[in-house]
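Here are my notes from going through the two-chain model you sent.

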Amino acid sequence: MAEFLQFLFSGLTVGAVYAMVALGFTLIYNASDVVNFAQGEFVMIGGMVTVFAAAAGLPLPLAAVLAVLIAVAVGLLLHALAIEPARGASAVTLIIITIGASIFLRGVAQVLFDRQAHGLPAFSGDAPIRFMGAAVLPQSLWVLGGAVATFLLLYLFLDRTLLGKAVLATAANRLAARLVGINTRTVMALAFGASAAIGAVAGILITPITLTSYDAGTLLALKGFAAAMLGGMGSPFGAVLGGLLLGLFESFSAGYVSSTYKDAVAFVTILLVLFAMPSGLLGRRAVERV
Amino acid sequence: MQMRAVLASRFFSLFVLAAMIGLLPLAFPSGYYFRVAALVWISALAAIGLNILMGQAGQVSLGHAGFFGIGAYAVAIGPAHLGVPPWAALVLGAALSGILALVIGKPVLRLRGHYLAIATLGLGVLVAIVLTNESRWTGGPDGMPVQRLVLFGWRVAGAETWYWVSGAVLLLGTWLALNLTDTPTGRALRALHDSEVAARVVGIDVAAYKLRAFVIAAVYASVAGSLLALMNSFITPDQAGFLHSVELVTMVVVGGLGSVLGAIVGAAVLVTLPQLLTVFREYEHLVLGLLIMLFMIFLREGIVPSLRAIFAARLRTRAAG
């Protein structure tokens with residue numbers, strides 16, 4: 001039981017991060033149909049900027065805010081300078097552009113910061129909390145709490161504000177949204193900014209546990225993408241569900257089977273899901289009849 | 001008018017390529033150039049295969065480096081662990097890639113768009129993970145050495161030799177790809193690229209042709225992987241990784257989707273750029289990412305189709321005037 005709980009907690013912690021990355025994917029995908037492979041770089045920027053700002057003497061909360069702001073600025077620039085000029089390009093072209101952006105951002109981080117792995121001190125100490133025989137790091141609670149807060153804020157924003165409804169309308173039908181007077185370009189910029197902020201928050205919260213480095217984003221982006229697909233592309237709830245499930249699968253298979261193939265779990269899962277129910281758990285039908 | 005007939009000829013690309021392979025060495029000041037050019041030919045071979053899948057059949061694969069890796073490790077593991085001669089290992093690797101593509105392609109190619117992208121991506125990453133983890137066979141993340149290729153007692157070694165060998169294989173691969181264009185398969189692929197519904201209505205078995213393109217592309221990538229491993233005498237799992245898959249896709253798109261010559265030009269750009277960028281040292285990734293973005297934004301159709309359009313327009317004005 002203690003073992004089970006241990007794997008459950010670590011799975012939920014990692015899963016919360018995947019869920020946040022997947023949510024970022026979903027936001028941008030819904031607003032603009034772009035699959036943003038630079039999503040993992042937002043997570044990296046969140047972690048790295050906080051580390052270096054804190055090292056420069058800024059108090060941790062201030063460093064974290066700075067990191068989120070910088071990530072948002074990068075997200076807005078990415079939209080304005082790389083996505084907007086390529087409007088109307090094919091899906092593959094847009095994917096390559098975002099991959100180019102991801103390589104570029106990694107290159108910038110490598111020059112501005114360095115090539116080492118960096119950690120942050122845990123926000124409320126390293127003493128594990130005992131719970132029914134399992135040990136929980138206080139930082140895990142920060143990650144889970146941060147993720148829940150992010151999901152709630154996003155939900156309230158989409159459900160209760162006029163701007164949020166504009167985002168939903170754009171996702172549902174871009175032309176119709178434009179016809180009723182919604183500035184879809186602003187909505188897209190907003191999606192990139194919000195998605196960058198979510199990624200950066202995930203990066204800040206997880207860095208004390210997993211460390212970060214200039215190339216930490218790649219695998220996270222791939223797994224976040226898998227999580228978004230698992231839940232069903234375009235569904236925010238699906239993204240959260242997919243992320244948590246992926247984290248749990250990884251943790252349990254590493255704990256009970258073998259940790260050698262921990263990174264493979266996400267991709268095996270996604271292949272099985274796509275074969276069995278090709279539109280993900282909560283997604284729309286997207287398979288062709290053959 | 002004659003000029004236009006030459007340009008329109010199916011084998012125009014083949015003539016250009018043969019002339020290039022034959023004449024380029026005259027301008028090479030050192031062995032290093034032979035090596036880089038051989039790298040271009042090998043990447044171009046993989047890109048031509050991928051172009052059949054992406055440009056002709058209209059299906060994307062973000063995991064093609066997986067097949068490249070299978071080919072590469074086939075010629076590494078075959079001779080080292082199983083006593084298979086390198087040339088036979090190359091053939092076996094290509095067969096293995098083809099069979100894997102056949103088995104996996106069936107469920108994968110039912111998917112569309114982003115779902116197809118993530119499924120192929122997952123496949124490629126899985127191959128890379130297996131190659132990294134099975135270190136008893138593959139040497140793990142550090143890679144493994146590859147025995148020299150010996151053909152009828154001739155030891156294939158040296159940059160210049162590999163330049164000619166890879167150039168010859170590329171010519172063969174290009175010729176086959178160009179021939180495919182005008183076979184029933186090629187026509188069926190183009191038809192389903194334009195409209196799958198229309199293709200199905202005229203009686204084309206859409207799923208079977210997509211699968212055929214996937215298998216062909218996998219075999220091309222596998223052979224290219226084997227050649228690279230044999231030339232370098234060393235192989236690492238990076239060759240099967242996601243970044244390499246992205247590079248292959250970028251070659252096809254930068255050169256121009258659907259154009260055989262474009263795939264070769266794309267390979268030349270993507271292989272030589274990092275070589276040129278080493279002078280930027282730590283700025284290498286930064287510049288590479290920037291260039292990929294600029295290419296995709298400003299030359300969306302790809303280099304070769306863009307140039308061909310400019311050239312054709314010029315011929316037309318001359319004919320009119």
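1. Let's start with a helix pair inside one chain: is the crossing of helix 1 of chain A and helix 2 of chain A right-handed or left-handed? It is right-handed. Keep in mind that this is a predicted model, so every value below is computed from predicted coordinates.

2. Staying with that pair, helix 1 of chain A covers residues 2-32 and helix 2 of chain A covers residues 39-55. The angle between them is about 130 degrees, and their axes are 9 Å apart. That angle makes helix 1 of chain A oblique to helix 2 of chain A, because roughly antiparallel would need an angle over 145 degrees.

3. Who makes the contact? On the side of helix 1 of chain A, the residues are A:Val21, A:Gly24 and A:Phe25. Helix 2 of chain A answers with A:Gln39, A:Gly40, A:Phe42 and A:Val43. Sorted by class, that contact has four nonpolar and three polar residues, with no charged ones.

4. Now chain A as a whole. There are 11 helices and two strands in it, and along the sequence the order reads α-α-α-α-β-β-α-α-α-α-α-α-α.

5. On overall dimensions, chain A has a radius of gyration of 19 Å, which agrees with the value near 19 Å for a compact globule of 290 residues. Its C-alpha atoms fill a box of roughly 60 × 50 × 35 Å along the principal axes. Of the 290 residues of chain A, 52% count as buried. As for sequence separation, take the contacts in chain A between residues at least 6 apart: 75% of these join residues at least 24 apart.

6. The C-alpha box for chain B is roughly 65 × 50 × 45 Å along the principal axes. Buried residues account for 50% of the 321 residues in chain B. Among contacts in chain B with a separation of 6 or more, 78% are between residues 24 or more positions apart.

7. On to the interface, where 41 residues of chain A are in contact with 36 residues of chain B. On the chain A side, the elements giving two or more residues are helix 4, helix 9 (217-231) and helix 11 (262-276). Helix 4 of chain A gives the most, with 16 residues. By class, this side of chain A divides into 33 nonpolar, five polar and three charged residues.

8. Helix 4 of chain A (residues 91-112) also packs on helix 14 of chain B (residues 284-298), at an angle of about 155 degrees and with the axes 7 Å apart. The two helices are therefore roughly antiparallel to each other. Here the crossing is left-handed.

9. From helix 4 of chain A, the contact includes A:Ile96, A:Ile97, A:Gly100, A:Ala101 and A:Phe104. From helix 14 of chain B, it includes B:Leu286, B:Gly289, B:Leu290, B:Met293 and B:Ile297.

10. B:Ala159 is found in helix 8 of chain B (residues 159-181). With 18 other C-beta atoms within 10 Å, B:Ala159 is partly exposed; buried would need 20 or more. Beyond its neighbours within four places in sequence, B:Ala159 is in contact with B:Gly31, B:Phe34, B:Arg35 and B:Ala38. B:Gly225 lies 66 residues from B:Ala159 in sequence and 17 Å from it in space, C-alpha to C-alpha.

11. The other one is B:Phe311, placed in helix 15 of chain B (residues 303-320). B:Phe311 is partly exposed too, with 13 other C-beta atoms within 10 Å. B:Phe311 and B:Phe28 are 283 residues apart in sequence and 28 Å apart in space, C-alpha to C-alpha.

Conventions: Residues are numbered from 1 along each chain as its sequence is written. Chains are lettered from A and ligands numbered from 1 in the order in which they are written. This is a predicted model: local features need pLDDT of at least 70, side-chain atom pairs count only at pLDDT 80 or more; totals for chains, interfaces and linings use all residues. Axes are lines fitted to C-alpha atoms, for helices over the stretch in contact, and angles run from 0 to 180 degrees between N-to-C directions. Helices (H or I, at least four residues) and strands (E, at least two) are DSSP runs, numbered from the N terminus. Angles under 35 degrees count as roughly parallel, over 145 as roughly antiparallel, 65 to 115 as roughly perpendicular and the rest as oblique. A crossing is left-handed if the near helix is turned anticlockwise from the far one by less than a right angle, and right-handed if clockwise. Two residues are in contact if their C-beta atoms, placed from the backbone, lie within 7 Å. Ala, Val, Leu, Ile, Met, Phe, Trp, Tyr, Cys and Pro count as nonpolar, Asp, Glu, Lys and Arg as charged, and the others, Gly among them, as polar. The radius of gyration is taken over C-alpha atoms; the globule rule is 2.2 Å times the number of residues to the power 0.38. A residue is buried if 20 or more other C-beta atoms lie within 10 Å of its own, exposed if 12 or fewer, and partly exposed in between; C-beta atoms are placed from the backbone.
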